[in-house]
Amino acid sequence: MAEKEKKEYTPSAQTDQARQDALDHGSRKPGAYVSKWQQMLDAAMEKILNREKFSYDLNGDALYRQYKDQAVKNGRLSMLDTLTGGYGSSYGQTAAQQSYQRSMDGLTDRAAALYDRARENYDREGEQERSRYNLLKQRESSSRSAYDRELSAWEAENQRLWQRYDSLRQQDYQSYRDQIADEQWQAQFEEAQRQFNEDLRKNKKYR
């Protein structure tokens with residue numbers, strides 16, 4: 001009896017489709033993370049780090065110059081009023097000087113208030129810059145987290161699809177091995193049956 005040609009292993013259509021599904025999913029892997037906030041973050045940090053130290057030019061403050069001009073004017077008017085108010089010359093000069101000094105003392109208080117306001121504005125601007133940086137950092141963190149979730153989901157699905165393909169491939173191959181074993185058993189059985197019939201025929205011939 002001629003030996004039957006050995007059957008080659010062939011994956012099932014379901015296994016082939018599972019492999020194609022895994023390959024298709026693999027081609028959709030998210031690209032490398034690209035930040036849309038990093039450039040703005042770097043610029044914001046650069047602005048914070050290179051910010052000039054606080055300084056205040058009193059004479060460069062237009063409002064202070066206005067206060068100063070008004071204080072000097074008021075002081076001179078007070079001096080004039082005092083000197084022309086009928087006081088003695090020595091006393092009048094002292095009183096006039098004191099009147100002028102009171103006007104200038106008020107200017108000093110104004111100068112201190114202007115300095116405090118300038119410092120508050122400087123500190124507020126610094127806080128706004130830090131707040132902007134922190135907001136950009138939060139957006140960057142949120143964007144990166146969304147990307148990481150997308151990538152993790154892709155990796156999980158990729159692993160599932162390849163495991164599914166591997167499981168189906170193993171099932172196919174086991175079925176193939178079982179079929180080969182069945183065919184071998186069947187061939188051996190048929191050969192034994194043929195041999196039995198041959199022996200039986202020979203025995204009848206010589207009986």
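This report describes the fold, the packing and the aromatic pairs of a predicted model of a protein chain.

## Overall architecture

The protein chain contains four helices and zero strands. Along the sequence, the elements follow the pattern α-α-α-α. Among these helices are α1, which covers residues 13–26, and α3, which covers residues 62–83. Helix α2 spans 38–49, and helix α4 spans 89–205.

Of the 207 residues of the chain, 20% count as buried. The chain exposes about 16100 Å², and carbon and sulfur atoms supply 47% of that area. Among contacts with a separation of 6 or more, 87% join residues 24 or more positions apart.

## Helix α1 and its buried side

Helix α1 has 14 residues. From its first C-alpha to its last it reaches 20 Å, close to the 20 Å expected at 1.5 Å a residue. Four residues of α1, namely Thr15, Ala18, Ala22 and His25, are buried. They lie on the same side of α1, because they cover an arc of only 90 degrees around the axis.

Two of these residues, Ala22 and His25, are in contact with Asn158, as is Gly26; this leaves aside the neighbours of Asn158 within four places in sequence. Asn158 is found in helix α4. With a relative accessible area of 17%, Asn158 falls under the 20% limit and is therefore buried.

## Nonpolar cores

Which residues make up the largest nonpolar core? This core has seven residues: Tyr64, Ala71, Val72, Met104, Leu107, Ala111 and Leu114. Helices α3 and α4 each supply at least two residues of this core. The largest share, four residues, comes from α4. Apart from this core lies another, of five residues, among them Trp37, Leu41, Ala44 and Leu136. As a general background, nonpolar side chains in soluble globular proteins tend to be buried together.

Leu63 lies in helix α3. Its relative accessible area is 24%, so Leu63 counts as partly exposed. Not counting residues up to four places away in sequence, Leu63 touches Leu114 and Arg117; Leu114 is one of the residues of the largest core. Ala111, another member of that core, is 48 residues from Leu63 in sequence and 9.6 Å from Leu63 in space, C-alpha to C-alpha.

## Aromatic pairs

A pair of aromatic rings is described by the distance of the centres and the angle of the planes. The count for this structure comes to six aromatic pairs. One of them is formed by Phe54 and Tyr115, with 5.5 Å centre to centre and 80 degrees between the planes, an edge-to-face arrangement. This pair links distant parts of the chain: Phe54 lies in the loop between α2 and α3, Tyr115 lies in helix α4, and the two are 61 residues apart. Tyr115 is partly exposed, with a relative accessible area of 38%.

The rings of Trp162 and Tyr165 have their centres 5.8 Å apart and their planes at 80 degrees, so this pair is edge-to-face. Both residues lie in helix α4, three residues apart, about one turn of the helix.

## Residues distant in sequence

Gly31 is found in the loop between α1 and α2 and is partly exposed, with a relative accessible area of 48%. The C-alpha atoms of Gly31 and Leu151 are separated by 9.0 Å, although these residues are 120 residues apart along the chain.

Ser175 has its place in helix α4. At 46% relative accessibility, Ser175 counts as partly exposed. Ser175 and Tyr9 are 166 residues apart in sequence and 9.6 Å apart in space, C-alpha to C-alpha.

Definitions and conventions:
Residues are numbered from 1 along each chain as its sequence is written. This is a predicted model: local features need pLDDT of at least 70, side-chain atom pairs count only at pLDDT 80 or more; totals for chains, interfaces and linings use all residues. Side-chain values use heavy atoms; hydrogens and water are left out. Buried means under 20% relative accessible area, exposed over 50%, partly exposed in between (1.4 Å probe, protein chains only). Contact means heavy atoms within 4.5 Å. A nonpolar core is a set of buried Ala, Val, Leu, Ile, Met, Phe, Trp, Tyr and Cys residues joined through side-chain atoms within 4.5 Å. Accessible areas come from the Shrake-Rupley method with a 1.4 Å probe; for residues, only the protein chains shown count as cover. The expected span of a helix is 1.5 Å times one less than its number of residues. The arc is that of the directions from the helix axis to the C-beta atoms. Rings of Phe, Tyr and Trp (its six-membered ring) pair if their centres lie within 6.5 Å; planes under 30 degrees apart count as stacked, over 60 as edge-to-face and the rest as tilted.
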